[in-house]
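Q: I am new to this structure and would like to learn how to read its features. Could we go through a few of them in turn?

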Amino acid sequence: MAPLRIVVLAVDPANFDLSEDVVRQRISDYLSLTPAECDRIYAAYVAQYPDDKPGDLLGRLTTDHIYIRNTFHTALMQADAGFAPVYTYVINYETAEMDGLLRSSHGRDYHFVFDSTDRAVNRY
């Protein structure tokens, strides 16, 4: 059940105010890691984002694991197939929604990609 708790992180704002121990345990459960592997990954995220709270780091890690990793894996497979050029992007635009807790959440790019930000009243 641990993966479900991570995937629905944004459902409960309290998920962004987790202790380091809770975050480490969730990472370990989610990725099936040994404590040493978890420590290494957690330390890498802390080094990259030293001002983030543990809950923010959990959000970054799950985003990287679910979206970034899989997107680049799929893009590389498409590129290797050689049928057409492959393009990817990462959007870092941070929304003010939920007092900024979501930062640049999944789906925030749609209005930019389809040039319809004028229809997204109060979302940006």
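Q: Is Val86 buried, partly exposed or exposed?

A: The model is a predicted one. The general idea is to compare the relative accessible area with two cut-offs: under 20% is buried, over 50% is exposed, and partly exposed lies in between. Val86 counts as partly exposed because its relative accessibility is 32%.

Q: Where is Val86 placed, and with which residues is Val86 in contact, leaving aside its neighbours within four places in sequence?

A: Val86 is found in the loop between H4 and helix H5 (110-113). Once those neighbours are left aside, Val86 is in contact with Ala75, Gln78 and Ala79. The C-alpha atoms of Val86 and Thr74 are separated by 9.7 Å, and these two residues are twelve residues apart along the chain.

Q: In which helix does Tyr30 lie, and is Tyr30 buried or exposed?

A: Helix H2 (residues 20-31) contains Tyr30. Tyr30 is buried, because its relative accessible area is 16% and the cut-off is under 20%. A separation of 8.9 Å lies between the C-alpha atoms of Tyr30 and Thr62, which are 32 residues apart along the chain.

Q: Which residues does Ile41 touch, not counting residues up to four places away in sequence?

A: On that count, Ile41 touches Leu33 and Leu61.

Conventions:
Residues numbered from 1 in each chain as written. Predicted model: local features only at pLDDT ≥ 70, side-chain atom pairs only at ≥ 80, totals over all residues. Heavy atoms only, no water. Helix = DSSP H or I, 4+ residues; strand = E, 2+ residues; numbered from the N terminus. Buried < 20%, exposed > 50% of the residue type's maximum accessible area, 1.4 Å probe, protein only. Contact = heavy atoms within 4.5 Å.
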